[in-house]
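Let's take a walk through a protein model together. Have a look at it first, and then we'll go step by step.

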Amino acid sequence: MADQNVPPRRPRDDRGWDGRQHHSADSYGDPTASASYGYDSPHPYQGGYPAQGDPREQYGDGYAHAGQPAPAPRGPQWVGPEGLGRPAPARPAGAGLPTLDDDDEPGRKVGRRKAMVALGGTAAVVAGGAALAMTPQFRSLFGDEAAAGDATGSAVTDGTLARPSGQQPSTVRTYTEQNESYMGSRAGEALKKNAPTGGRTFSGPAAAAAETTVTVKTVLAKDPILHLARRATFGATPAVVADIKKQGIDGWIRAQLDPDKIEPSKAELKLAELPTQALSVQQLRDQRDKLNEQGAQPEREVVDATLARQIWSKRQLFEVMVDFWNDFLHVAADFDGGEVYRTSFDKDVVRKHALGSYPEMLVAANKHPALLIYLNQKDSRKDAINENLARENLELYSVGVDGGYKEGDVRQAAMLQTGRGVDDKGQYVLRVNQHYMGKVKILGFTHANTFSIKDVNNPTTKEIAAVDAAIDKYITYIALHPSTAKYVAQSLATRFVSDTPPKSLVDRLAKSYTSNNGMIKPVLMTLFSSSEFWAAVGQKVRRPMEYLVATYRTLGVSPEASAKNDNGDNKRTPFARGLRQIHDKLRELGQYPMGQPTPDGYPDVYIAWTSAGTMVNGWNEAGEIIAGYRTSFTYTAPEKLVAKPPATAGAYVDALAQRLIHQKLTAREKNLILGVAGVSATTKVDATFNGAITAVARAILASPQHHLR
């Protein structure tokens, strides 16, 4: 029987991972530690896929055959539902975090480190501004006393051991499931209590914004224009806020949903300085040796280009959706083949369909060499079936782990997809002589899967198309399945609304997805026209990449090189070199575009990203940006961020906060920041804040208002 051709399945692997993929924040600033993770060195971890305690059985043919490394912790260890039970790693004397300013300057009323912790503590702890306890490791960095409360309790508040919120996050695989697992903690329960409840859909986004009252607790200004700018872009800027005011909420959203009509930014025009991004798959194959000699890395340049668009593109909603799909339909940039195929996957699959049809995106993905290689589909044939892609199509890319499929469905799907692969020229090919023939039944989809082919070793174009169409029909079927509608809806609501989105909203988004045959624009319009979206002010915390990108945006960094630029790399332009510096920093922080090595994408809930080390590392990097140390770009001098700085410290802090976070700080936060500068509100200051402007601006960027979106 065909089932006997499926590779044997080994018992699941319960071992933990050895080593890390990314730099540890505790080694930030330690050149010896960083050097040990050089990009030309082998990956430091050992062991195989899947992650420890995977609730499903391990693949018979692991991903190692495609060159994928095993998953590793994202940067420093994040706080999950299990808390931080493991002891903190020992750090050598004088090394590691924090690199914030010294506390012991004479006459300083408030230590800068403690002030930053007090600011950021309320920031990244609970969306809405309700304080959750800092981790013991975090407090020990600063010598702080224990904070009240408990952020790291291990008690499961809902679900069962067999379902997501009853599992540890390391044991779950799907994009939505891992979000739910994190939310099954005590900290997750605190978030749920402050989330918006049910609502309704209005005639349009502006009407929904006008009629919705924000009742959740939050430190963010309850301004619908700022709320839209924070959620539908990678960070509000004065230009974005002005555009929304000028076009109106409805007009701005309509324009963003038609990105081809938005002019490219200067930075997007400069993407020509990333030479591999303009090359086709064939050109990348043909020029492989030459590119290697030049030190070009196409799989890294596609990440660099994505970051440039996130920071500077005017098509912000489009870029947010590209990032969403890069997590949902995830193909890592760093896989064996990514240097040739990942740029094309970005252009021809994700970006082509990001605001279009998800069924068409999934069909295109299943014919793209990047996905076929990444998940070993190129090796699957009727006499040696590999089920990796068939499983992920169901578990990750469509109906989800709770979508109703069974193990038999996975195997039937794997048989149907046999024969799809990549030819010697690096192009998609369907080898009919390697395609399993025979009736299949998968999650309600049935197909005879038999074809009149005279010579399977020399099929006609029409015969190949008939087999291809049968597989496409199945892919389209699962992409339009009711469980997929719910899965996409849940994921979109989690991205745009809340870590615990109301069921009422998820149901309406799923209905819109189904009634519009998987078209994404109508679903987004339903979302933006829903009261739940406008009621959820402050209910999302920026992940590390989102925090850093928002920092570049709000500081008004320009893509042109500064006059101080020292072009020490004649192989790359200052722009290209600067993007790589951002890329490398995000690797330290544990999140970067297309960075997750396994197919599940990054989690999209706050609880998954509560890391003391990464938070401080981000603040330190904000200080570097404010000071203009990255000379590959042009920076606004911190003393010029406010056009006409007030003469007193208190008024200056108010003006700087308005410029950077678009609202006032609370009285407590303002006093903490004045303490960072060692002054009172009435102290006379110059444009440099008496020499403390960088520290003051960085402290504002450590506030809850900048961490929340």
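Are Arg-495 and Asp-604 buried or exposed? Arg-495 is buried, and Asp-604 is buried too. Here, buried means under 20% relative accessible area, exposed means over 50%, and partly exposed is in between (1.4 Å probe, protein chains only).

Before going on, a word on what you're looking at. This is a predicted model, in which local features need pLDDT of at least 70 and side-chain atom pairs count only at pLDDT 80 or more, while totals for chains, interfaces and linings use all residues. Residues are numbered from 1 along each chain as its sequence is written, and side-chain values use heavy atoms, with hydrogens and water left out.

How confident is the predictor? That is what pLDDT tells you: it is the predictor's confidence in each residue, from 0 to 100. The protein chain has a mean pLDDT of 79, with 72% of its residues at 70 or more. Over residues 1-98, though, the pLDDT is below 50, and this stretch has 229 contacts in the model beyond near neighbours in sequence. Residues 122-170 also have a pLDDT below 50, with 134 contacts counted in the same way. A contact means heavy atoms within 4.5 Å. Where pLDDT is low, the predicted coordinates should not be read in detail.

Now zoom out to the whole chain. Its secondary structure comes to 30 helices and four strands. Both kinds of element are DSSP runs numbered from the N terminus: helices are H or I with at least four residues, and strands are E with at least two. Of the 709 residues in the protein chain, 61% are buried. If you take the contacts between residues at least 6 apart in sequence, 77% of them join residues at least 24 apart. The chain exposes about 26900 Å², and carbon and sulfur atoms supply 51% of that area; the areas come from the Shrake-Rupley method with a 1.4 Å probe, and for residues only the protein chains shown count as cover.

Back to our opening pair. Side chains of opposite charge can pair when their charged atoms come close. A salt bridge is a side-chain nitrogen of Lys or Arg within 4 Å of a carboxyl oxygen of Asp or Glu, and the structure holds 33 of them. Arg-495 and Asp-604 form one, at 2.8 Å from N to O. This pair links distant parts of the chain, 109 residues apart: Arg-495 sits in helix H20 (residues 482-496), and Asp-604 in the loop between helix H25 (574-589) and helix H26 (612-627). Elsewhere, Glu-387 and Arg-391 meet in a salt bridge at 2.5 Å, N to O, and both are buried.

The loop between H25 and H26 also holds Asp-600. Asp-600 counts as buried, at 7% relative accessibility.

Next, find helix H12 (residues 298-312) and helix H14 (residues 338-353). Their axes come within 7 Å and cross at roughly 35 degrees; axes are lines fitted to C-alpha atoms, for helices over the stretch in contact, and angles run from 0 to 180 degrees between N-to-C directions. Among the residues making this contact are Val-302 and Arg-309 of H12, and Asp-346 and Arg-351 of H14. Arg-351 and Asp-346 also form a salt bridge, with their closest N and O atoms 2.8 Å apart. Arg-351 is buried at 12% relative accessible area, and Asp-346 is buried at 4%.

Finally, two residues with a positive phi. His-662 has one of about 65 degrees although it is not a glycine, and you'll find it in the loop between helix H27 (649-661) and helix H28 (667-677). Asn-690, not a glycine either, has a positive phi of about 55 degrees, and is found in the loop between H28 and helix H29 (693-700). Which of these is buried, and which is partly exposed? His-662 is buried, at 13%, whereas Asn-690 is partly exposed, at 44%.
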